[in-house]
Amino acid sequence: MTYEKITHGLWAATAPDRPRLNTFSGEKETEVAIIGGGYTGLSAALHLAVDGHSSVVLEAKDIGFGGAGRNVGLVNAGLWLMPEDVISLVGKDHGEALIRVLGASPQLVYGLAEKYNMDCEAWPHGTLHCADSKAGYKALQERERQWQKVGAPVRLLEKDEAAEKLGSNAYRGALLDERAGTIQPLSYAFGLANAALKEGAELYNNSPVIGLEKTASGYTLTTPHGRLKAKKVIIAVMGYPEQAFGDQLNNLIPFNYFQFATAPIPKSVLKTVLPGKNGAWDTNLILSSFRLDKNGRLSVGSVGSLEGFAMDVNRAWAKRTLNKVFPQLGDIELEYAWYGRIAMTPNHIPRFHVMDDNMAMVTCFNGRGIGPGTVFGKLMAQYMSGGSPADIPLPVSPVKAVNLRALRGLFYEAGSRLYHYAQRRTPIF
Ligand SMILES: Cc1cc2nc3c(=O)[nH]c(=O)nc-3n(C[C@H](O)[C@H](O)[C@H](O)COP(=O)(O)OP(=O)(O)OC[C@H]3O[C@@H](n4cnc5c(N)ncnc54)[C@H](O)[C@@H]3O)c2cc1C
């Protein structure tokens, strides 16, 4: 079974039927080979097909097997970093373009969901970034200032208004971002796949790329049962690289994130929990996130895996956090638990690697990949169908291993476990 309960949890249980795809076999030719069937690869295939270019997506496992099928489903506008930090890290030209395209990325996601009639709980109702401390509130004031400076519809809500929108008194205020919202992340990946198929792209699952060779006329990609010849290649393996791309793991910091989903909340209580169906998360360094789904389940998530004793520690933390933030839920059962690996970079900026003019990848969305994956897939399609690297609003960087990557990953994992362990014992108020 591709989608395990512990990795794809609620999303696999509530997604519509997955697209039934064949395994790649035999010999084929295409203009653009796309490696990876997540948002980036699928969006690239869809946009190439719309522009009349042939492409073949080779997915190692199944559509949405990577981050796309495991995430929280917050369709955010922009990166974690504040706009001015983005500019100082990548420069004015790239930075301003990046802020512009990623600021508009939820629009692209929701626009595609509507255009292709995707069954994916696409709720563009806004998100709430909640202040859990005085310092957090100050940081949100600064975030509001920077986003408003570029004309974004964000507004810092005082405690009372935030409490109304959240259905909780737990926070000091919240930054409402009207561009953003939530989605069922695995269903959205299925929706993109169906749209790409409809427009004429070819998609295969259980077809890991195990070899990639440059030839006189392009590239030859090898899978266990076939060979694909392509003029160009888009690599879209992100945080779940396998086989020929296993080494890519060295280029990111592994950062786990877990979620628990409640049983459906009784109707009378449901109308008091995130009544506007906003997605929410907080300013704590080890953040908490909250969101509802179509069946009235509330997901709560935070940093860490669910391996070994972390399952018990984090379950206890999730229960306590729900009691603290949404006491009206009472002793509600947690029915699903799952986690996944976020692809982080040391400076929290995604990376753009050009292996040569006809083979490239954009990777490491630092936990913000629904909008960015969709946008960068579209921009990569543009680049590979006659454009240039300048189509991508990121500096080209060499593929480079992250220093002390295992230690950094351990730091996040051990730090979050200790935090959640300590938190489950502190009094609620
Ligand atoms: C727990 C978690 C929570 C997150 N929360 C959010 C959120 O709320 N909002 C948000 O915007 N983002 C979030 N993200 C990030 C987001 O999920 C990712 O950025 C996004 O999925 C990246 O899309 P992608 O298509 O680039 O990569 P992926 O979705 O990871 O897809 C890569 C695909 O490549 C395939 N692959 C790997 N190797 C090979 C090979 N050799 N041959 C063929 N195929 C291969 C994999 O099987 C996989 O399906 C979260 C991620 C995680 C893990």
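Reply: Let's start with Cys-364, which sits in the loop between strand E18 (359–363) and helix H11 (370–384); helices (H or I, at least four residues) and strands (E, at least two) are DSSP runs, numbered from the N terminus. Bear in mind that this is a predicted model, in which local features need pLDDT of at least 70 and side-chain atom pairs count only at pLDDT 80 or more, while totals for chains, interfaces and linings use all residues. Residues are numbered from 1 along each chain as its sequence is written, and side-chain values use heavy atoms, with hydrogens and water left out.

Most residues other than glycine have a negative phi. Is Cys-364 buried or exposed? It counts as buried because its relative accessibility is 1%; the cut-offs are under 20% relative accessible area for buried and over 50% for exposed, with partly exposed in between (1.4 Å probe, protein chains only).

With 68% relative accessibility, though, Asn-117 counts as exposed.

Met-118 lies in the loop between H5 and E4 too, but at 11% relative accessibility it counts as buried. Setting aside residues up to four places away in sequence, Met-118 touches Leu-112, Ala-113, Tyr-188, Gly-191, Leu-192 and Ala-195, where contact means heavy atoms within 4.5 Å. For a sense of scale, the C-alpha atoms of Met-118 and Glu-142 are 36 Å apart, although 24 residues separate the two along the chain.

Helix H5 itself holds Ser-105, which is buried at 0% relative accessibility. Beyond its neighbours within four places in sequence, Ser-105 is in contact with Asn-76, Gly-371, Pro-372 and Val-375. From Ser-105 to Glu-29 you cover 76 residues in sequence and 32 Å in space, C-alpha to C-alpha.

Over in helix H2 there's Ser-43, likewise counted as buried at 0% relative accessibility. Its contacts, again leaving out neighbours within four places, are Leu-192, Gly-373, Thr-374, Gly-377 and Lys-378. Gly-200, in the loop between helix H8 (185–199) and strand E8 (202–204), is exposed, with a relative accessible area of 52%. Gly-200 and Leu-48 are 152 residues apart in sequence, but their C-alpha atoms are 9.3 Å apart in space.

Now for the ligand. The shell around it has 36 residues, and Tyr-39, Thr-40, Glu-59, Leu-74 and Gly-369 come nearest; to be in the shell, a residue needs one heavy atom within 4 Å of the ligand. By class, the shell splits into 20 nonpolar, eleven polar and five charged residues, where Ala, Val, Leu, Ile, Met, Phe, Trp, Tyr, Cys and Pro count as nonpolar, Asp, Glu, Lys and Arg as charged, and the others, Gly among them, as polar.

Taken alone, the ligand exposes 1,000 Å², and the protein buries 98% of that (Shrake-Rupley areas, 1.4 Å probe). Helix H2 (39–50) and strand E16 (334–344) are the elements giving two or more residues to the shell, and E16 supplies the largest share, three residues.

Zooming out, the chain has twelve helices and 18 strands, and its C-alpha trace spans about 70 × 45 × 45 Å along the principal axes. Buried residues make up 57% of the 429. Of the contacts between residues at least 6 apart in sequence, 76% join residues at least 24 apart. The chain exposes about 17,500 Å², with 51% of it supplied by carbon and sulfur atoms.
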